[in-house]
Amino acid sequence: MTTFPEELAHPSKIAVRGVSKSYRTAAGVVAALDDVSIDIAEGEFVCLVGPSGCGKSTLLNLVAGLDRADRGEILVDGAPVPGPGRDRMVMFQEAALFPWLDVMGNTLFGLKLKPNLTPEARRDVALYYLRLVGLEGFLRANVHELSGGMKQRVALARALAPNPRVLMMDEPFGALDAMTREQLYGDLQSIWQAKRKTILFVTHNVREAVCLGDRVAIMTPRPGRIREEFRVTLPRPRDINALDVAGLGREITDALRRLLPGGRG
Amino acid sequence: MRRRVRSLLFFAALVVLWEAVARAGIWHRALLPTPYDVLSFLGRAAADGTLLRATLVTLRRLLLGYAVGLVLGIPLGVVAARSALGRDTLGLLALGLQALPSVCWLPMALLWFGQTESAMLFVVVMGTIWSILLAASDGLRSVPPIYVRAARTMGSKGLHTWTRVILPAALPFFVTGMKQGWAFAWRSLMAAEIFVTILTGFGLGQLLHYGRELHAMDQVLGVMLVIVAVGLLVDRLAFAPLERFLHTRWGTG
């Protein structure tokens, strides 16, 4: 029997192996991540949950290639992450849309950096994704004219347009009102089911994680560690207000509370 | 429309008041001419071409000095913004020299260049460059880092990030700086023209200066009005469209 390298024997889209990262701050050195490992399969939707300061955004930034790990390695398709790349797009909590471009211009930004596309093809792709997020009527709108939810929809279209295999989302709905958020949970689930992206989703909202994820990994701070993982097998599309979502959310919240120092929630 | 009428009425009232005071004979007519005297000077100066020639000479000097100020000021602003070293050296120098009224450069300019075009150019550049440098470096430093991070995840790097993200993001600051620089250039040039009286070109400032020499108050007031008008006109023509664009895109005032 032929022996395969580990990555090939257990193909995972993203492999985080023993990653540590610390920051120097005014208060001293903070261990943002300590020996964190997680494997994410192709097409899997994984949510990282934990209180602020647990290192979940740090981990996301490392996978995005925006930052470098002190120790350990991060493999995407079996190869170390060289830096930011179009195969892994990021959505931030603030939409980070560019105010000097309109909705169409923002959606085209990443596409224009993608070689071997005609301008017409780029426009068609951008239009397709803007339609997908329900903003085909706002192509020429300026960023400041959009509501918070619409901004995040544009950010989602902008992230999806270059067709990345991996989508990373850093509390993308944290600043939105509950109604808009619930609408976006539905939209994101249907887009994910249609496009089968590998998604790494960071949030501090446990129920949001249960509603969206195939798997929920809970993290605790100082030093940032992944402590427990929960598999979510509830049928999709899930409603954040459904009893089964709430029930599993309760269970995970209890686990998180147990793991936090002092048992607080 | 109502606001326009209101402004119009205000200025009409001002002219009527001026006329009334001039007619009351409190001051000699040579010291306080009537609005009609000033208007007729402007009519004569416009008819014989003096006014147009002087305006063109002044605008040529202004554009040249302003262009040099921009071409030197913006790259220096970039240098000052990029590192703590730049900020602590160039940035500090600019901050200090910006506080110097541009007319204070005149003695130096006259000693170095004499009564020449170069002296005037020097004063205009010195009056303009520091505020442009500071506005450029402030603008670049206040670009939200999240824009650059977002752009990097989409594959933007190096020069592309500079030209497509950082510079556009700093545009509102640049426009403010350019506008301020323009105002400074205008003031510097008027000071220079009043002090540097040469025959290579007779600008509005020199027209103003000779109005004083000739005790021609109608000329002094008339030229002052033209200077105001030119300043306002350039603001409307050059900067208003840019500001309108920023206003609609950024949604700011």
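User: Hey, how many helices and strands does chain B have?
Analyst: Chain B has eleven helices and zero strands. Keep in mind that this is a predicted model.

User: Okay, and what pattern does chain B follow along the sequence?
Analyst: Reading along, you get α-α-α-α-α-α-α-α-α-α-α.

User: What box do the C-alpha atoms of chain B fill?
Analyst: Roughly 75 × 55 × 30 Å, taken along the principal axes.

User: Let's look at two helices. How do the axes of α2(B) and α11(B) cross?
Analyst: Helix α2 of chain B covers residues 35-47, and its axis comes within 8 Å of the axis of α11(B). The two cross at roughly 70°.

User: So are they roughly parallel or roughly perpendicular to each other?
Analyst: Roughly perpendicular. Angles from 65 to 115 degrees count that way, so α2(B) and α11(B) get that label.

User: Which residues meet there?
Analyst: From α2(B) you have D37(B), V38(B), F41(B), L42(B) and R44(B). On the α11(B) side they meet D218(B), Q219(B), L221(B), G222(B), V223(B), L225(B) and V226(B).

User: And how do the residues of that contact divide into nonpolar, polar and charged?
Analyst: For α2(B) with α11(B), there are seven nonpolar, two polar and three charged residues.

User: Switching topic: how many residues does the contact take from chain B and from chain A?
Analyst: Chain B gives 20 residues and chain A gives 24.

User: How much area do the two chains bury between them?
Analyst: About 2,100 Å², with 65% of it on carbon and sulfur atoms. In chain B, the residues that lose the most area to chain A are T153(B), M154(B) and R249(B), together 37% of what that side buries.

User: How many residue pairs are in polar contact across the interface?
Analyst: Seven residue pairs, both residues in each being at pLDDT 80 or more.

User: Which helices of chain B each supply at least two residues to the side that touches chain A?
Analyst: Those are α7 (145-153), α8 (158-169) and α11 (217-250) of chain B. The largest share, seven residues, comes from α7(B).

User: Last one: what classes make up the side of chain B that touches chain A?
Analyst: By class, that side of chain B has nine nonpolar, seven polar and four charged residues.

Definitions and conventions: Residues are numbered from 1 along each chain as its sequence is written. Chains are lettered from A and ligands numbered from 1 in the order in which they are written. This is a predicted model: local features need pLDDT of at least 70, side-chain atom pairs count only at pLDDT 80 or more; totals for chains, interfaces and linings use all residues. Side-chain values use heavy atoms; hydrogens and water are left out. Contact means heavy atoms within 4.5 Å. Buried area is the accessible area (1.4 Å probe) that two parts lose on being put together, summed over both. A polar contact is a pair of N or O atoms within 3.5 Å; within protein, one must be able to donate a hydrogen and the other to accept it, and residues adjacent in sequence count only if both atoms are side-chain atoms. Helices (H or I, at least four residues) and strands (E, at least two) are DSSP runs, numbered from the N terminus. Ala, Val, Leu, Ile, Met, Phe, Trp, Tyr, Cys and Pro count as nonpolar, Asp, Glu, Lys and Arg as charged, and the others, Gly among them, as polar. Axes are lines fitted to C-alpha atoms, for helices over the stretch in contact, and angles run from 0 to 180 degrees between N-to-C directions. Angles under 35 degrees count as roughly parallel, over 145 as roughly antiparallel, 65 to 115 as roughly perpendicular and the rest as oblique.
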